[in-house]
Structures are given as structure tokens and as C-alpha cells.
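Please keep the sequence and the structure in view while reading.

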Amino acid sequence: MDLGLTDRVALVTGGRTGIGAAIARALAREGCDVAIVDREHDESADAVVAEVRELGRRGLVIKADVADYDSAQQAVDTVVGQLGRLDILVCNAGITWDGVIWKMTEEQWDSVITVNLKGYFNYNKAAASVFKDQRSGKIVNITSINALRGKHAQANYAASKGGEVALTKSLARELGKFNVNVNAVAPGMVLTEMAQELAPEFLHKAADETVLGRIADPADIAEVVAFLCSDRARHVTGEVIKVDGGQYI
Amino acid sequence: MFKWFGRINYAPFTKVDGFAQHLKDGRLMATRCSQCGATSFPPRADCSVCLSGDFEFTELSGRARLHTFTKIVAAPTGFEDVAPYTVGVVDLEEGGRAVAWFGDSIQEGEIEIGMELQVVPQIFEELEEIKVYYSLERPGTEWVKV
Amino acid sequence: MTRVGIVGIGHTAFGRRSDATVQELAFEAFREAVLDAGIERDAIDASVIGAVPEYHKQRSLAGVVQEYLGLAPKPTWLTEVACASGSAAIRTAWMSIKAGVHDVVAVIGCQKMTELSTPEILALMGRVGEVQWESGFGTTFPAYYAMFAKRHMHEFGTTREQLLDVAVKNHHYGALNPKALFRKEITKKKAAASEDVATPFQVYDCCANADGAACVILAGEETARAVSDKPVWLSGMGCATASMSVLRRPNLVGLPSAEQAAAQAFEMAGMEPANVDVADVHDCFTIAEIMAYEDLGFCPKGEGGPFVADRQTYIGGAVPVNVDGGLKAKGHPIGATGTSMTHEIVLQLRGEAGERQVPDAAVGLTHNVGGIGQYCFVQVLTRE
């Protein structure tokens with residue numbers, strides 16, 4: 001299926017590893033030039049850009065802390081300046097810092113909310129201003145099924161992910177008249193490099209929760225993101241699509 | 001949908017309904033009679049020359065000249081919160097006239113009968129519902145056509 | 001073909017009449033006219049009501065008014081052409097008499113402007129032009145005429161001062177008219193200090209809404225001579241229209257409907273503008289009177305400003321205009337204005353205008369405009 005994304009320009013936060021890297025690769029495969037934003041600029045980041053270039057597209061690394069408001073605007077300006085335009089924003093960067101609530105420190109709460117929810121605000125706002133004026137754009141915010149169902153010892157993470165859903169829906173309302181689609185993708189358990197380090201019993205338990213009997217690859221998430229970024233999904237907006245193998249139905 | 005046109009709309013149903021969608025997409029349209037070629041702005045579906053009801057939309061450049069204007073201080077219902085505002089009647093380059101507000105690119109002090117202007121399609125950005133209009137801007141103003 | 005004469009006139013005070021319904025106002029003017037004519041009410045064959053319905057709560061005004069006047073079961077209907085509704089009613093009655101269908105017709109122009117709430121009135125104010133293409137931008141009745149004023153000033157050098165001269169003159173004469181809404185003179189200084197409405201207009205450039213009624217009773221020539229020793233003749237009747245939207249007018253410095261209606265009226269009467277001894281024109285806004293001087297041929301195009309500044313339209317000048325105060329000082333109950341203008345000219349031609357009398361007035365003219373000139377009715381009335 002040709003998604004018609006040739007020569008579109010995308011920005012992916014948290015694009016250095018895991019789901020973000022998979023999204024960057026998938027978009028490049030579909031014909032996008034891709035800029036990744038991450039707090040580290042290391043070999044992993046360079047490797048993602050190298051893959052993008054191997055696919056015949058332009059790639060760029062921008063080192064920034066997504067929680068920083070001004071650097072988000074600068075990142076968008078950099079992409080427009082160096083790659084000529086911006087068509088797609090995928091917000092994916094996020095952290096966890098688990099704990100039951102009666103032991104959760106103020107710092108645990110604030111940092112997760114700030115990096116995750118405020119980080120998405122920072123980039124959604126910067127991109128929305130561009131998309132509104134150019135009368136086109138696609139935003140996909142990566143949330144989590146925990147936003148929808150809650151999670152033990154993840155009050156902070158689940159709250160930030162739930163906030164991202166509300167942000168997504170509000171922006172869909174505001175930006176629809178400018179031909180901008182704003183959607184969220186809610187993964188369940190995803191087998192990132194980090195997750196592979198977990199104990200086997202834990203991974204089995206997660207697979208058992210799905211009805212498909214498997215845990216997602218980052219590429220499974222990326223495929224749905226790529227579809228949402230295309231004009232084939234032009235009538236989908238304000239939506240949350242779970243990509244969880246039936247982990248939470 | 002024509003009901004999108006204007007801050008307040010008193011004509012939600014009209015044969016030239018498509019005008020508003022074109023405006024939302026950044027195109028200012030006149031009508032042309034399919035039978036005799038007579039054009040009209042403001043648009044009309046029924047030809048005043050040959051009486052035909054067949055028409056098509058034809059895009060205008062939006063280049064215009066100011067014929068007259070006024071700053072409205074005593075506003076009608078629905079416009080109290082934006083008063084005072086200045087409206088101008090412009091002669092369009094391709095023929096016909098339009099009445100519209102002056103936009104942000106023109107300072108009140110520079111308004112002069114005879115000045116060249118650009119009619120620019122606009123969306124009311126901050127309203128929740130979709131509403132469109134056009135404004136009088138500096139010549140050379142660019143905008144996006146979808 | 002038979003001439004039509006006016007044999008009876010009546011006029012209420014114009015102003016805020018929250019004490020009366022529109023039919024009660026109509027009755028006051030009608031009673032005065034019937035007594036003035038000295039006829040029996042039964043002698044009236046039909047009535048025509050001039051009013052603008054959308055300002056009233058009562059639907060279908062003609063029936064309610066004529067019933068209250070005691071004219072049922074005689075024929076009646078409403079004529080509506082915005083601010084010229086009263087003149088349209090007169091023209092309708094005139095046509096019916098000339099056609100020989102009726103002989104004596106009562107014409108009642110009547111209007112309440114104050115039954116609606118302020119927001120309702122303000123909403124109506126935004127629907128004067130062509131609502132489809134214009135009202136979305138918040139245009140108003142004063143705004144349209146203000147744009148005419150700006151263009152007139154641009155093309156002919158008409159000044160703000162000259163616009164205010166119209167207001168000062170009309171308030172001067174309004175002070176002499178016991179039926180007027182505003183009965184005090186104003187100074188140019190006071191007018192220039194009033195609030196902005198739509199530039200260049202301030203409050204004193206604009207006529208005020210009012211409630212009121214005026215009645216004229218028309219009769220065919222034979223009956224007119226039998227009934228009245230001072231019938232006033234409708235010698236020239238003109239009527240023309242123009243595009244509803246100012247976007248389709250040939251220019252914005254005059255009203256083509258007025259030019260054409262005047263030409264028809266003068267031709268029918270066998271008269272010229274210079275023959276007119278006294279006129280009532282439609283000064284809904286100051287510029288409207290200045291354009292009227294030009295459209296009617298009282299002065300050349302573009303010279304209306306100096307014409308009023310030179311006091312040519314005061315008594316003693318070339319042609320006294322609006323010596324009853326005009327819409328500006330009388331107030332403008334829109335359906336009643338046409339019959340009110342006619343009332344004044346009849347008084348003048350009968351020599352009964354008291355302090356406002358134009359000496360030896362033999363030929364009079366009324367110029368009644370609907371909206372922004374969509375409709376115009378011009379009447380030339382004569383004493384002989």
C-alpha cells in the first residue's frame with residue numbers, strides 16, 4: 001500500500017531507540033525525511049539517521065530535553081530551516097518512574113508529568129502553529145493503554161498518558177478546520193531493547209494478557225503511526241487507536 | 001456550506017453554496033454563466049443576462065481598489081464585541097465589488113480611497129465552529145490555497 | 001384621465017409612543033384627516049396602509065389598522081418598501097383612483113419602531129443591504145450612507161461642515177414643528193461633539209427612530225372639488241428602483257432611483273426642478289439630503305454641499321427643503337414618513353404652515369427613499 005508520504009517531513013521525539021526509532025524508520029521507508037529529537041545524541045541516534053539515509057531520505061538529529069519549552073520551538077524551527085518544511089509530528093518521548101502512591105515523591109510525580117505531558121504540549125504547540133498556517137499537518141501522540149485502564153504503581157505515568165489523550169482530543173477540535181489530523185496511538189506492552197532485559201516470567205505474563213499470545217514489536221506500533229500520518233487516514237481525527245494485541249479490550 | 005460565510009450568516013441555504021468551501025480552501029470565486037459567459041461577483045446562480053440556471057465557479061485574483069469605506073462604531077447585534085471595525089467597498093480587478101473588513105496588514109491611518117488592496121480568504125481561527133470570510137490586505141499578501 | 005387630489009390630512013406627534021398600539025396611532029392621524037376633509041367615514045371606498053411589518057409584534061397590520069379605523073369591510077392591504085412604504089401606499093391609492101376603481105381612498109402611513117427590544121432592533125439594523133453578501137461583515141444602515149458620504153467627499157470635496165449644515169437647518173425647522181420629535185435647535189459645535197456612529201457620521205448626522213402616523217385622503221377630481229375648497233393635486237408621480245446591494249450600483253455618490261423617479265414626476269407634471277417652491281426630501285442621513293438636492297436637479301451634481309452651506313435650502317433660498325424638520329428632527333417612523341412628507345407639502349400649498357410657511361408656495365415636491373435607495377418615490381404636488 002503506497003501511503004503517499006513521499007517528500008513529507010517528519011519530526012519524531014524520542015526517536016533514538018525503541019518505538020521512536022521504529023517510527024522514524026517506517027516513515028523514512030514511506031518516503032519521509034525524518035528529524036529525531038532526543039535528550040542524547042549518541043551512536044544509537046546516529047544509527048537511526050544512517051538508516052534513514054540508506055532509505056534515500058534526509059535525516060537529522062536534534063539534541064533537546066523535550067520538557068524544555070523554548071527548545072521545542074527551536075527544534076521545529078531547525079527542521080523547517082534545514083529540511084524546508086514540517087508535515088508530521090510524532091510525540092513519543094517519555095519516561096517512567098514507578099511507585100505506589102503513598103511512597104511516590106513529589107519529584108517522581110513532577111518529572112514524569114513534565115517530561116511526558118508537558119513535553120507533548122511543547123511539541124504539539126510548536127508544530128500546531130506551523131500546521132495551522134500551512135493548512136495541513138498530521139500529529140500522532142504516542143500514549144499507552146495505561147492511560148485508559150490505569151496501572152498499579154504508575155499513577156504518575158498513567159496520569160501523564162491520560163493527559164496526552166485529552167490533549168490529543170482537544171487539539172483535534174481546534175485544528176480540524178485547518179485540515180490537521182491529531183490522533184493518539186496507545187500501545188500495550190512493546191518489546192523494546194530495554195524490555196528484552198526483563199525477566200522471562202514477566203514477559204510471559206505480558207504475552208498472556210494479550211489475546212494474540214504475543215508482545216508487540218516496535219514496528220507494529222510504527223505501522224499504525226505511518227498509516228495515521230497518511231492521507232488515507234484523512235477522516236480519522238481525535239481518535240485513540242490501541243495497538244495492544246487485545247491486551248485491554 | 002454557505003452557512004460558514006460571515007461572522008453572522010442570514011442565508012444558510014443558497015444555490016451558490018459551494019462558494020464557502022472554496023473560500024475555506026483559500027479561493028475567492030465569482031460565478032460564470034455556462035450558457036453565455038457572463039460573470040458575477042458577488043456570485044449568482046441564475047444568469048441576469050440570459051436567464052440560464054447553469055453556472056460554474058471561476059477563481060478571482062482578489063486584486064482590488066478601494067472605492068469607499070467607513071469605521072463602524074455603533075454595531076449591529078453579534079458585532080458588539082468587535083466594534084469598532086472598518087469595512088471597505090472595493091472594486092475587483094476582474095469586475096464586480098465586494099464589501100469586507102480591513103485586515104491586520106493595513107493600518108487605520110493608511111486607508112485612502114483609491115488604494116490598491118488584496119482580498120484574502122480567511123478562516124475565523126479561534127472560533128470552535130467553522131466560519132470563513134475575506135479581508136482587505138496589503139497588495140502582495142500571500143496565503144495558502146488547499 | 002382624472003386628476004387625483006388630496007382633500008384631508010392628519011399627523012400624530014412623532015416620538016416615543018409607548019402608550020399606544022400602531023392602530024391607535026393610526027386612528028389619531030385618521031381622525032384628524034377625516035375632520036380636515038369634512039367627509040363622512042363611509043365615503044371612503046378603500047384604504048391603503050403603509051408600514052414596515054417586521055418592527056411590530058402584530059402580524060398583518062393592514063387588517064388590524066383598518067378595522068380599528070372602522071373601515072371594514074372596505075378593501076385594504078399593506079404596501080411595504082422599507083422607508084418609502086408611505087409613498088407606495090399613496091401611489092397605490094392614486095393608481096386605483098386614476099383607474100376608476102375607487103374614488104375616495106384613505107392612505108395611512110403608520111409605524112411603531114419601539115415594540116422590539118434593543119437587541120432585536122440592532123439585529124434588524126444589520127440586515128438592511130443584501131444579507132447574503134454584506135451582513136456577515138456587520139454592515140449597518142448608517143454605515144452604507146456613511147460610505148456614500150466618504151465617496152462624495154472624495155469626489156466632490158464635500159466637507160464635514162456641510163453635512164452638519166443639513167442637521168443644523170433641519171433642527172432649526174423642527175423647533176417650529178409641534179409634531180416633531182426634536183424641538184430644539186442645535187449648533188454645529190454640539191453636533192460635531194456627538195458620538196461616532198459610522199465615520200464620518202456622528203449621532204447628529206443620523207435620523208432617529210420614532211413612532212407615529214400620518215394620513216392623507218385622496219379623491220378623484222370631481223369629488224375633490226366638491227369636498228374641498230383647497231384640494232392639492234398629485235400632478236406628477238414618479239417611482240423607480242435600483243439594486244438592493246450597493247455592490248451593484250453604478251456609483252456611490254447619488255441614488256439613480258431618485259434621479260429617475262424625479263424625471264418621471266417632473267415630466268408628468270410638466271414642470272422642472274426650478275419650478276419647485278418647497279420640498280421635503282429623505283434626509284435619513286445628512287449626506288442623503290445633499291445627494292437629494294443633486295438627484296432632484298435643485299443644484300448640479302457635486303454641489304449639494306455648498307448649496308446647503310449657502311443657505312439655499314432655507315426659506316428665502318433657492319428652494320426651501322425640509323422646513324418641517326425633515327426626518328432628522330421630526331423622527332422617522334419609517335412607514336409614516338411618506339405620508340408625513342405629503343402632509344407637510346399639502347399644508348404649505350394650502351398656505352396653512354404657520355411659522356414654517358414658504359411664501360406663496362404653489363408647487364411642492366416630496367422625495368421618499370426606501371432603504372439605501374432600492375426604492376424611490378417622487379411626487380410633484382400643485383396648488384392649481
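Among the two pairs of chains that touch, between which chains are the most contacts? Chains B and C have the most. The model is a predicted one.

## Contacts between chains

On the interface of chains B and C, chain C supplies 30 residues and chain B supplies 31 residues. Three elements of chain C each give two or more residues to the side that touches chain B: helix 4 (118–125), helix 5 (141–156) and strand 5 (196–198). Helix 5 of chain C gives the most, with seven residues. By class, this side of chain C has 16 nonpolar, nine polar and five charged residues.

Chain B also touches chain A, with five residues of chain B in contact with five residues of chain A. On the side of chain B that touches chain A, four residues are nonpolar, none is polar and one is charged. Chain A and chain C do not touch, and their nearest C-alpha atoms lie 19 Å apart.

## Helices 1 and 2 of chain C

Two packed helices are described by the angle and the distance between their axes. For helix 1 (residues 22–37) and helix 2 (residues 61–68) of chain C, the axes come within 9 Å and cross at roughly 50 degrees. The two helices of chain C are therefore oblique to each other. Helix 1 of chain C passes helix 2 of chain C in a right-handed crossing.

Helix 1 of chain C makes this contact through Val22(C), Gln23(C), Ala26(C) and Phe27(C), and helix 2 of chain C through Leu61(C), Val64(C), Val65(C) and Tyr68(C). Seven of the contact residues are nonpolar, one is polar and none is charged.

## Helices 3 and 13 of chain C

The axes of helix 3 (residues 85–98) and helix 13 (residues 337–350) of chain C come within 5 Å, crossing at roughly 70 degrees. At that angle, helix 3 of chain C is roughly perpendicular to helix 13 of chain C.

From helix 3 of chain C the contact takes Ser85(C), Gly86(C), Ser87(C), Ala89(C) and Ile90(C), and from helix 13 of chain C it takes Thr337(C), Gly338(C), Thr339(C) and Thr342(C). By class, the contact has two nonpolar, seven polar and no charged residues.

## Helices 3 and 4 of chain A

In chain A, the axes of helix 3 (residues 69–83) and helix 4 come within 8 Å and cross at roughly 40 degrees. That angle makes helix 3 of chain A oblique to helix 4 of chain A. The crossing of these two helices of chain A is right-handed.

Tyr69(A), Ala72(A), Gln73(A), Val76(A) and Val80(A) of helix 3 of chain A meet Asn122(A), Tyr123(A), Ala126(A), Ala127(A) and Val130(A) of helix 4 of chain A. The contact holds eight nonpolar, two polar and no charged residues.

## Helix 6 of chain A

Helix 6 of chain A (residues 155–175) has 21 residues. From its first C-alpha to its last, helix 6 of chain A reaches 30 Å, close to the 30 Å expected at 1.5 Å a residue.

Which residues of helix 6 of chain A are buried? They are Asn156(A), Tyr157(A), Ala158(A), Ser160(A), Lys161(A), Glu164(A), Leu167(A), Thr168(A), Leu171(A) and Leu175(A). What covers these buried residues includes helix 4 (106–134), strand 5 (137–142), helix 5 (145–149) and strand 6 (180–187) of chain A.

Note on methods. Residues are numbered from 1 along each chain as its sequence is written. Chains are lettered from A and ligands numbered from 1 in the order in which they are written. This is a predicted model: local features need pLDDT of at least 70, side-chain atom pairs count only at pLDDT 80 or more; totals for chains, interfaces and linings use all residues. Axes are lines fitted to C-alpha atoms, for helices over the stretch in contact, and angles run from 0 to 180 degrees between N-to-C directions. Helices (H or I, at least four residues) and strands (E, at least two) are DSSP runs, numbered from the N terminus. Angles under 35 degrees count as roughly parallel, over 145 as roughly antiparallel, 65 to 115 as roughly perpendicular and the rest as oblique. A crossing is left-handed if the near helix is turned anticlockwise from the far one by less than a right angle, and right-handed if clockwise. Two residues are in contact if their C-beta atoms, placed from the backbone, lie within 7 Å. Ala, Val, Leu, Ile, Met, Phe, Trp, Tyr, Cys and Pro count as nonpolar, Asp, Glu, Lys and Arg as charged, and the others, Gly among them, as polar. The expected span of a helix is 1.5 Å times one less than its number of residues. A residue is buried if 20 or more other C-beta atoms lie within 10 Å of its own, exposed if 12 or fewer, and partly exposed in between; C-beta atoms are placed from the backbone.
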